[in-house]
Amino acid sequence: MIKAIDLSRVFLTEEVETTALRQVSFEIKKGEFVAIMGPSGCGKSTLLNIIGLLDNPTSGKYYFLDHEISGSSERQRAKHRKNNIGFVFQNFNLIDELTVFENVEMPLIYLGIPSKERKRRVDEVLEQMQIAHRRKHFPGQLSGGQQQRVAVARAVVSNPKLILADEPTGNLDSANGEEVMNLLSELNKQGTTVVMVTHSQRDAEYSSRIIRLFDGQILAENFQSN
Amino acid sequence: MIKNYLLSAIRNMARNKFYTGLNILGLTIGLVTFIMIFLYVSDELSYDKYHQNYQRIYRLESSFRIGTKYDNFAIVPLPLGPALKLEYPEIEKVVRFAGTDNMLIRVGEKEYYERRFYYTDSTVFEVFSHELVQGRLEGCLSEPNTMVVSQSMARKLFGNENPIGQVVLTDNERQFKITAVVEDVPENSHLKFDGLMSAATLSKEMGEDEFNSMDPNRFWNIGVYTYVMINPNSSMLTVHEKFPQFYDKYMKSIGDQINASFDLKTTRLDQIHLNAQTASDLPTGNKAYVSIFSIVALFILLLASINYMNMATARATKRAKEVGLRKVVGAERRQLIFQFVSEAVLITIIAMILSFAISGLLLSDFSTLTGKTLSVEALFSANVVMLLVVLSIVIGIISGSYPAFYLSGFSPLAVLKGSGGKSGKTNHWLRRVLVVVQFFIAIVMIIATIIVGEQLHFLKNKDLGFNKENAIVLELQDSAFRSRAESFKQHLLQSPAITSVSNSSGVPSRNGWIQVMLVEQENEMKEMAVILTQCDYDFLTTMGLKLIEGRDFNRDMGTDDSLAVIVNQTAARQFGWGDEVLGKKIHYGMELDRSGGRIMKVIGVVEDFHFNTLHNAIEPIIMFISPVPRFRMTVRTEPGKTQEALDYLEQSWTDFGSKRPFDYEMLDVMQEESYGAEERTGVLFLIISGITMFIALLGLLGLSSYTAENRTREIGIRKVNGALTSDIMLLLFKEFIWLILIAFVLAVPVSIWRLTLWMEESFVYYTEIHWYSVAIAGLAAVIVGLLTTSFHVIKAAGANPVESLKYE
């Protein structure tokens with residue numbers, strides 16, 4: 001599903017050149033649950049952004065669903081993104097001015113799905129995330145755990161082939177964190193590929209494979225059986 | 001502490017050059033407009049107030065009814081002033097001014113044509129305040145053949161010689177000795193003169209008894225401007241109350257005979273410039289302009305202040321952290337309010353200094369536009385500077401206090417935790433409402449500009465019923481020259497460039513002769529006041545009037561020179577003549593007992609033509625052959641040969657020995673000049689709508705930049721969830737387009753209502769308001785609005801979402 005060959009990403013600021021990724025290669029197969037781990041500043045989020053087509057590598061090749069992506073236009077990347085990828089962020093990134101329902105509905109609007117069908121699918125996923133009773137609330141009126149469930153709902157509502165989660169439990173207490181991890185695990189069992197960046201060893205244990213990054217390079221890949 | 005605030009304010013301004021620039025620019029434009037309008041309005045309001053006794057001085061005006069026609073004039077009968085003084089002790093002094101049209105003044109060998117010379121009573125300097133420069137004011141105009149001139153006229157006539165005792169010759173008839181020189185009449189005076197000649201001169205020539213006669217006949221001829229000064233403890237009202245008795249005593253006998261009446265009107269000296277609305281008046285101001293301008297000045301200041309408030313609150317989130325920190329370290333709310341208000345005051349003061357400089361640069365152009373002489377001294381006078389300083393501080397305080405209260409109200413905890421202080425829901429709406437208000441005003445102004453322009457186009461292009469093209473109008477003021485008008489005309493016709501020539505008393509737009517005559521109505525002769533033109537046989541042809549019934553004047557008929565009259569359609573209709581118009585009788589020039597004069601029969605009817613401007617409805621007019629040469633001569637030229645004709649005219653003018661310099665007007669230009677006021681209104685509307693639109697756009701630019709900045713995170717989230725750049729642009733544009741559309745929807749009925757009212761009040765004939773003129777205004781606002789916002793919208797929409805989400 002995903003294949004990266006010698007990916008590098010260099011950030012140019014005014015005077016300093018920072019290398020976030022150095023010639024990273026790996027492959028992720030359909031149905032995997034991969035955790036990316038490493039200390040702060042090791043390049044985890046940069047890698048996730050490239051995987052999620054939010055960013056282009058400086059060099060190297062990146063295949064997403066057998067398409068060579070590196071160097072493609074923002075428009076093409078946006079097209080792949082909205083059809084295939086759902087995102088979950090540490091700080092949830094919900095729009096404060098929209099209700100729970102409207103936040104979850106948003107990706108479907110950009111996919112051009114008719115309103116009746118949207119309503120059916122949003123309701124369905126809200127039920128699944130056990131947040132349907134809050135559908136008319138605004139994000140500011142929800143607890144952190146509830147907000148993250150809404151964010152997960154938004155990530156899966158378009159039935160993406162890949163879910164990317166960036167520290168999904170980072171802002172949650174352990175009970176809420178566990179709930180979110182169970183949700184991701186459940187989705188993975190239903191066939192969705194999940195790639196997650198995390199600090200937490202406990203969260204990483206939900207995954208089938210851990211990629212460890214250090215200073216922009218892959219240190220190790222551990223497969224685990226659980 | 002102050003230093004700390006100031007430093008923080010200056011750094012803040014420097015860091016946000018874009019916003020600071022927008023704010024200062026907007027406020028500067030607002031203040032410049034305000035300064036200009038303030039100078040204009042205060043000049044308009046200052047008219048004639050420099051006269052010490054202005055509150056006791058009134059101008060007498062005539063209000064006549066002749067038949068069913070009412071007319072007001074700024075001039076009154078010659079004996080009216082003295083007779084009123086004789087009857088009423090309230091009146092302390094009377095002074096009359098009789099104008100002289102284009103007077104020839106000769107000093108030695110040199111000749112000058114002057115228009116601003118008046119015959120006046122010796123009381124003039126006891127009533128009006130004019131500073132003496134040379135000579136003596138006491139008795140300076142009591143003797144016959146004495147003259148007082150203004151300082152610049154003295155210099156023009158006599159150079160550096162002592163003017164006192166010098167002699168000038170006027171119109172080759174009368175000699176005057178200069179007895180005094182006074183300072184030039186200030187610009188803000190409704191009655192400006194360069195020279196005054198003693199009324200005693202005329203009294204001596206006519207004989208004192210004749211000159212001072214109070215015979216009833218003399219009260220039915222108007223001709224002089226008359227001012228009265230009342231006693232300090234009297235009121236003009238009592239004179240008005242007693243006027244009916246005066247009318248009965250002096251005027252009624254004749255009034256009843258000619259089916260007319262007269263009423264006295266008065267206007268206090270300082271009110272004349274803006275409030276008098278009479279015929280035969282000196283140039284006056286326009287009250288509507290003064291009020292429109294004042295409102296516009298306040299609106300534009302308001303718009304500029306709104307921009308400041310808008311942007312300052314919009315920037316609030318950016319400064320929330322500073323507020324939070326200051327509070328955490330112990331700042332009290334009022335200290336923060338003081339800080340933000342002083343920032344606003346700092347900005348308005350910078351804008352004020354800039355506006356003074358810019359106003360100074362624009363002053364001369366503005367003077368040209370308004371026809372005033374506004375001086376730099378007036379701009380930098382203590383009053384204006386004081387007012388502006390106070391105003392800037394007040395604007396600063398007002399526009400600074402809303403953001404100040406808003407910002408200083410942030411909870412430090414919430415701010416530092418990063419939730420951005422208040423949710424800002426109401427604030428958000430307020431900002432939108434303010435933008436709608438701005439666009440509302442701007443769109444109203446644009447619609448007004450377009451429609452005033454259309455009306456102007458309509459006025460200039462309407463078919464007037466006569467041919468205004470290729471026609472030169474001459475005035476035959478020299479009586480000796482005028483007596484040879486017929487041979488002059490025959491001479492002119494020899495030029496191949498000239499197709500026809502007609503001598504007449506009036507031409508379109510210069511046609512003020514109204515006289516009471518007897519008109520046949522239902523087999524009876526009834527008194528009516530009718531507009532008339534006395535002309536020659538070629539009048540209809542030269543003017544291009546269309547005959548719709550009967551025939552034109554004909555030299556071969558023998559009796560047309562005295563017994564034929566041609567009327568317009570409106571006359572035929574209003575006189576109730578029905579289908580039988582030809583042969584109807586009009587008795588003209590009769591005595592009070594209906595004897596004498598001539599009884600004429602209608603030989604033709606012409607299609608209605610606009611012998612007046614389109615401000616007025618077409619009235620009945622009659623035309624008949626004049627027994628003597630008249631004042632005006634219209635020369636129709638071959639198209640394209642106007643220059644050739646003019647050369648020939650000028651040569652012939654000299655050859656025929658006119659004592660007047662050659663001068664002419666083009667008939668079409670005379671028409672267009674009648675709409676000078678509308679033309680100026682058009683230009684002013686254009687400028688004002690430009691300014692309001694510009695300020696509104698500054699506001700929109702600020703708002704769009706704020707929105708784009710504030711919604712960076714939302715834009716990022718949407719893009720991550722599949723939105724394309726175009727989706728985001730649409731989302732952002734939609735927000736602004738709504739505001740402009742709401743403003744447009746509100747502006748359309750308001751502007752159409754107000755403009756229709758204006759046209760109905762000002763004109764009898766006006767253009768209809770087309771839907772597309774209104775649509776153009778809306779479209780223009782939307783397009784310009786979109787262009788303005790697009791800079792920030794495109795930038796925000798195109799940004800990489802990774803960047804925006806990272807900031808969280």
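Q: Are H2(B) and H25(B) roughly parallel or roughly antiparallel?
A: The axes of helix H2 (residues 17-45) and helix H25 (residues 676-710) of chain B come within 10 Å and cross at roughly 160°. Axes are lines fitted to C-alpha atoms, for helices over the stretch in contact, with angles from 0 to 180 degrees between N-to-C directions. Angles under 35 degrees count as roughly parallel, over 145 as roughly antiparallel, 65 to 115 as roughly perpendicular and the rest as oblique. H2(B) and H25(B) are therefore roughly antiparallel.

Q: What kind of model is this?
A: Residues are numbered from 1 along each chain as its sequence is written, and chains are lettered from A and ligands numbered from 1 in the order written. Local features need pLDDT of at least 70, side-chain atom pairs count only at pLDDT 80 or more, and totals for chains, interfaces and linings use all residues, as the model is predicted.

Q: What is the hand of the crossing of H2(B) and H25(B)?
A: A crossing is left-handed if the near helix is turned anticlockwise from the far one by less than a right angle, and right-handed if clockwise. By that rule, the crossing of H2(B) and H25(B) is left-handed.

Q: How many nonpolar residues are in the contact of H2(B) with H25(B)?
A: Contact requires C-beta atoms, placed from the backbone, within 7 Å. H2(B) contributes residues including B:Leu22 and B:Ile29, and H25(B) residues including B:Phe694 and B:Leu698. Ala, Val, Leu, Ile, Met, Phe, Trp, Tyr, Cys and Pro count as nonpolar, Asp, Glu, Lys and Arg as charged, and the others, Gly among them, as polar. The contact has no charged residues, four polar and, as asked, nine nonpolar.

Q: How do H13(B) and H15(B) lie to each other?
A: The axes of helix H13 (residues 333-370) and helix H15 (residues 382-408) of chain B come within 7 Å and cross at roughly 140°. Their crossing is right-handed. The contact holds 17 nonpolar, seven polar and two charged residues. H13(B) and H15(B) are therefore oblique.

Q: What share of the residues of chain B count as buried?
A: Chain B has 29 helices and 25 strands. A residue is buried if 20 or more other C-beta atoms lie within 10 Å of its own, exposed if 12 or fewer, and partly exposed in between; C-beta atoms are placed from the backbone. Of the 808 residues of chain B, the buried share is 38%.

Q: Which element gives the most to the side of chain A that touches chain B?
A: On chain A, 16 residues are in contact with 13 of chain B. Helix H2 (74-84) and helix H3 (100-110) of chain A each give two or more residues. Helices (H or I, at least four residues) and strands (E, at least two) are DSSP runs, numbered from the N terminus. With four residues, the element that gives the most is H2(A).

Q: Which strands of chain A stand at the edges, each with a single partner strand?
A: An open sheet of chain A has four strands in the order S2-S1-S4-S5, with antiparallel pairing. Two strands pair if DSSP finds at least two bridges between them. One side of each edge strand is left without a neighbour in the sheet, because each has a single partner: these are S2 (17-28) and S5 (67-68).

Q: What is the bridge partner of A:Met37 in S9(A)?
A: Strand S3 (residues 33-37) and strand S9 (residues 209-214) of chain A run parallel, joined by four bridges. In S9(A), A:Met37 is bridged to A:Arg212.

Note on methods
Two residues are in contact if their C-beta atoms, placed from the backbone, lie within 7 Å.
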